[in-house]
Amino acid sequence: MTQTSPLFNKKKYLSSLKLSISSFTTTSTTIPIRQLFTPKTIEKPCPNNNQQPKPMPKLKPTSKNSLSKTQQQQQQNLVSLIKSSTHKPQLHQIHAHLIRTSLLQNPTFSLQFLSSLCFSAFRDLRYSRRFFSQIKNPSASHYNTLIRTYSSSNSPKEAFFLFKEMRQKGLKPDPISFSFVIKSCIKFRSLFRGLQVHGRILRDGFQSDCLLLTTLMDFYSSFAGRDEACKVFDEMAQKDTIAWNVLISCYLRNGRTRDVLMLFDSMKNESVCEPDDVTCLLLTQACANLGALEFGVKVHGYIEECGYGSALNLSNSLIAMYSRCGCLDKAYDVFKGIREKNVVSWSAMISGLAMNGYGRDAIVAFEEMQRMGIAPDEQTFTGVLSACSHCGLVDEGMEFLDRMGKEFGIVPNIHHYGCVVDLLGRAGLLDQAYQVIISMGVKPDATIWRTLLGACRIHGHFTLGECVIEHLIELKAQEAGDYVLLLNIYSSAGNWEKVTELRKFMKEKSIQTTPGCSTIELKGVVHEFTVDDISHPRKYEIYDKLDEINQQLKIAGYVAEITSELHDLGAEEKAHALSYHSEKLALAFGVLATPPGTTIRVTKNLRICIDCHNFAKFLSGVYNREVIIRDRTRFHHFRDGRCSCNDYW
């Protein structure tokens, strides 16, 4: 027998149940209520003064008007009892009684009971499906309840099969049915079945249901169908805030981050619906990805104006945004303004300090967090280990890795080990880094091997680099960037035969490298540059300014770092090839388009090369500018000819 919860008052519960169902049982002898819910009494007929049992009267479908007030009250009592049952033993007893009294076929009770099974804290899908199978003629509402449950479960495909079964039985799906079956298609990644459902929506005439169309937008965006999502959005008669948020999320998910900023302006200008806190959360993520500080400040102002400033999730997101824009002062101001800081707040601040090169400050923040009684989580340790990695704090990093399990009971994951491999690799301890990967308790992924490959490039260890490439090939995860790193290793060692061989291999396999791209924001507009870019409307001015800057920096002692050029060229040709990298064009535009003394902020999609790093250092000193460059892994704050990374990146 199943043991009931100690909070479950069985006597009181059974009395309530007996009272609520008394009108649905007709026996001349009162049977103890406990006997009604034993397996034997379900299988055997109940006694009736030692005579043959009378058959249980079948409940005819009745309207609410045909029921007496007493019957209506008792029916409501039973429904309320089902709703209030939160433990399995309670529901088992009610289920037994529904079977015995044939009330299971009454949709009023069966639907409420199915809902209780599906949406209770202990949700049991097998039990729910078994109960559903006992209903002879399930309604569309029964199907919707089960479809909804499966759509958010580990078996989302079942929701689609139930949807098909529903239609085969002649039941017409409604917007609720369509909405949850689309969500199931998203979860089990079936574009084809989702397209089938979309076709059925059009045939059944639900193309004007805004909530349903919003779900369709989410479906297309999850399959990188940005154009299809936009088409659904354009066809909506009334666009509410939720629809706008889904469209913004679609652009974010598909890498169209710059367009998100324009959508925010369009949303405000149309004045049909105002951006809400979710919109602001998405906008802060977009600004963080782009490094669009000016636009981020604008969004922050809107958050305060609308009274969302006290929302903890928005404050945490603002800390991350300002940190990723290289503006730690503003990040810290937001952090200070939070009254009740949680672990996410502290982790965001620690990670912000780490990525901007303030490793020891990140460790101090971690210690202060502990003094405040906030327990660190996995993300906190990712930030702390990253801080140690960026600042070369090998001993401290290994100590934190050890403390994770011993002191805090946190098992290191792949991200923590990745930080440790990066820490050891940058410090030149390549063999030790390799041993960490081989011996760690989780399976190595492509990212951690690439981290080690990057360290091989820094230290010119091409033998280990070739070994790492082999591991990536085994994982079937090798990318163009991996071969570029290997090219860097070979070219730095002057092994041009290997460079030629690898380039030939890449050409035969049609391996295309990702072009370098740098962005700079000016007056809320994001300007994008690639190597040798001639697409900007001020291209002639930019190139003239860049030539002028090069002349000034050479006078100050700047010399091109020709090892950054991977082609087998002469020194002069290599220096010329390095002259027009994307970050140099962005910096030249920054000097051209902003007043003297203005901070220049550039975001790069790849790791900054040694030559461009040296270029930025000299520029900051000669032109008396603070230059902040965010590359793929960290920030570089250049001031007075120095970088915050201390040339360690």
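**Sheet pairing, aromatic contacts and local backbone features**

Strands β4 and β5 (residues 635-639) run antiparallel and are joined by four bridges, where strands (E, at least two residues) and helices (H or I, at least four) are DSSP runs numbered from the N terminus, and two strands are taken to pair if DSSP finds at least two bridges between them. The model is a predicted one, in which local features require pLDDT of at least 70 and side-chain atom pairs count only at pLDDT 80 or more, while totals for chains, interfaces and linings use all residues. Residues are numbered from 1 along each chain as its sequence is written, and side-chain values rest on heavy atoms, with hydrogens and water left out.

Within the pairing of β4 and β5, Ile628 stands opposite His637 of β5. The two strands belong to an open sheet of six strands, ordered β2-β1-β3-β4-β5-β6, in which the pairing is mixed.

Asn624 is placed in the loop between α32 (610-622) and β4 (627-630). Most residues other than glycine have a negative phi. Asn624, although not a glycine, has a positive phi of about 50°, and with a relative accessibility of 56% it counts as exposed (buried means under 20% relative accessible area, exposed over 50%, and partly exposed in between, for a 1.4 Å probe and protein chains only). Arg189 likewise has a positive phi, near 55°, and is found in the loop between α9 (175-187) and α10 (191-203); its relative accessible area of 47% makes Arg189 partly exposed.

A search of the whole structure finds 21 aromatic pairs, defined as rings of Phe, Tyr and Trp (its six-membered ring) with centres within 6.5 Å, planes under 30 degrees apart being stacked, those over 60 edge-to-face and the rest tilted. One of these is the edge-to-face pair of Phe233 and Trp244, with 5.0 Å centre to centre and 75° between the planes. Phe233 lies in helix α12 (residues 226-235) and Trp244 in helix α13 (residues 241-253), so the pair ties together parts that are eleven residues apart in sequence; both residues are buried. For Phe264 and Tyr302, the ring centres are 5.8 Å apart and the planes stand at 90°, so this pair is edge-to-face. The pair links distant parts of the chain, 38 residues apart, with Phe264 in helix α14 (residues 257-270) and Tyr302 in helix α16 (residues 293-305), and Phe264 and Tyr302 are buried.

The charged end of Arg148 is placed over the ring of Phe119, 4.7 Å from its centre, and Lys341 lies over the face of Phe335, at 5.1 Å from the ring centre.

Glu583, in helix α31 (residues 582-593), has a relative accessibility of 2% and counts as buried. Its side chain is joined to that of Ser582 by a polar contact of 3.2 Å, a polar contact being a pair of N or O atoms within 3.5 Å, of which, within protein, one must be able to donate a hydrogen and the other to accept it, with residues adjacent in sequence counted only if both atoms are side-chain atoms. Leaving aside neighbours within four places in sequence, Glu583 is in contact (heavy atoms within 4.5 Å) with Ser518, Lys604, Ile608, Cys609 and Cys612.

Note on methods
Lys NZ or Arg CZ within 6 Å of the ring centre and 35° of its normal.
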